[in-house]
Amino acid sequence: MLDHTADVGFEVEAPSVGELLREALRGLLLVVFEVPPQGDGTEERRVELSAPDLETLLVRWLNELVFLIQGEGFVPVGVEVEVGEGLSLRARLRGVQLDVERYGWQGEIKGATFHGLEVVRRDGALHARVILDV
Amino acid sequence: MGTIDFERLSEYRYRIPRQGKMRCDAVFYASERILEDLAAEDYASLRQLMGVATLPGVVEPALSMPDIHWGYGFPIGGVAAFDPEEGGVVSPGGVGFDINCGVRLLVSEITREELEERKARLADELFRSVPSGVGRGRKDFRIGRPDLERLLVEGPSWLVERGYGEPEDLEGIESRGRLAGADPDAVSERAYQRGRPQLGTLGSGNHFLEVQYVDEVYDEEAARAYGLHPGQVTVLIHSGSRGLGHQVCTDYVECFLQVAPKYGIELVDRQLAAAPVESPEGRDYLGAMSAAANFAFANRQLIAHFTREAFARAGFGGRPLRVLYDLAHNNAKLEEHGGREVLVHRKGATRAFGPGNPELPERYRRAGQPVLVPGDMGRYSFVLAGTEGSMRETFGSSAHGAGRKMSRRRAKKAARGRNLIREMERMGILVRAAGRATVDEEMSEAYKDAAEVVEVTDGAGIGKKVARLRPRIVVKG
């Protein structure tokens, strides 16, 4: 988690793009919930996305997740991601119904921003930093 | 990153001369203490202001208000005007994610003593009546898609026609709650989906509903014009365009990032993504932004209606809550300044038109536009008036609030082991909140002292102090 005066950010590190997106989901859930749901979800959603670069893919991914949680009341807990050519992804999400009391709702996310956004490959791993407007 | 070059122009006014890729000077307002805050964040927000000055068609100078703090793209507290005839741009990052987020002040003739007698009951009624948002919308208010499209064009007048408020409410809303050019077709399906269940909800974060009383009047004449006097109970509603506006910003930042190169716009920060006002993309965004703005005005209208219901249920039936003013602090509007029509972006800054402006309701025309500066939930908020100085120097703009100085994480850490709700109760302030996290994050200490911001605003002549309001009940999303 990063300190930003007005908002919340996080940094994630992973060996592959797929893992990076999974970690980003974990980061998002930690921002939104005090006690994020765990285990296997009973519902399923599929998401397909593509982007011109890795940074945009990360922002689009997070905004997709924000929409699922806040717009549809579906909280993804498990994800399988396939990243194809040209930065296109297909994800199968398993999740649970949003329960604000149970998971300790910490407030809404307005959107993932391009501000200070960074995805770099360093020492064989991908490092990403993203700031969310809350 | 080290210091930046700026010079002092007068007691509270500073200039960053044009340098690097800047197309004009930047001017900011600060006291010694605010300067220290800026230095402590390594001038990150002033660097953002310098970034704003690099955008095409910017009209001199790019500005920031005394409540400046780090945002994305534009700093929060940023004001910039762009001339469409000079290739001037519109930037969603110059408006913010929460389009037309703003404040509405309701005034009553209820006294502080009367309030104290029923305070707990009123706090409970307000918390029950005004939903915060996700999973907590009012079951008795639903809006269908065709009606929502109409509301995006008509704003709160659509609600007033259906009994959610009084016709005179509209008089007290900036632009009468209806920005021209709203285009429901420029709003994405996803924005409709996010926004539809959220009309009439407060939201989380720094949004709140506060019952207060007037504890000090600084300018008798303006206070009289606004109908304010000591001991009187007021209600301040701080909310915005909810998921609908957030999604419009998300959609158009992405769109503008793609088209900016086509228009030769070089971006020093991707969140500054922009397109010419006079371009298909620029016009679409302005249409969607105006629609989201009308949604935000309507949202505050519905919350005001729920507030009136709560007051009636708490035993204040028949005691009117009049709209003193409703104004936004996140929008972009075409206005005339210096004899030309420019698009003024105010991001975390508020419109502050001076005396005589024909945009203002007749009753405020002599005093100038009411400017509402909410503070943190523990100390005080202020009512100011727009001035000739704000018209001359800041494209008719002023500060919008206290401004954060502590990250949410640091605030939570500072709140550990404390019971802020009880601490506030001991100060005579009742807090009703959806969760403890928001209360901790929004603690008073996390914010700059609004009095400091107001002193600079008043001292620099870009707003005039009228009255101070003290909180008694705080409802948080």
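By class, how many nonpolar, polar and charged residues does the lining of the second largest cavity have? One nonpolar, six polar and four charged. Ala, Val, Leu, Ile, Met, Phe, Trp, Tyr, Cys and Pro count as nonpolar, Asp, Glu, Lys and Arg as charged, and the others, Gly among them, as polar.

Ground rules. This is a predicted model: local features need pLDDT of at least 70, side-chain atom pairs count only at pLDDT 80 or more, and totals for chains, interfaces and linings use all residues. Residues are numbered from 1 along each chain as its sequence is written, chains are lettered from A and ligands numbered from 1 in the order written, and side-chain values use heavy atoms, leaving out hydrogens and water.

Back to that second largest cavity. Its volume is about 70 Å³. A cavity here is a set of points, on a 1 Å grid over the protein atoms alone, where a 1.4 Å probe fits but cannot get out; lining residues have an atom within 4 Å of a point. Volume is the space filled by probe spheres set on the points, which are joined across faces, edges and corners. The lining includes E108(A), K110(A), D98(B) and N206(B).

The largest cavity has about 520 Å³. Of its 34 lining residues, H69(B), I76(B), N206(B), H238(B) and H400(B) are the closest to its centre. That lining divides into 11 nonpolar, 13 polar and 10 charged.

Last, helix α9 of chain B, residues 242-259, a DSSP run (H or I, at least four residues). Of its 18 residues, 15 are buried, meaning under 20% relative accessible area with a 1.4 Å probe, protein chains only.

Notes:
1 Å grid on protein atoms, 1.4 Å probe; cavity = no way out; pocket = protein on both sides within 12 Å on 5 of 7 lines; lining within 4 Å. Helix = DSSP H or I, 4+ residues; strand = E, 2+ residues; numbered from the N terminus. Expected span 1.5 Å × (residues − 1). Buried < 20%, exposed > 50% of the residue type's maximum accessible area, 1.4 Å probe, protein only.
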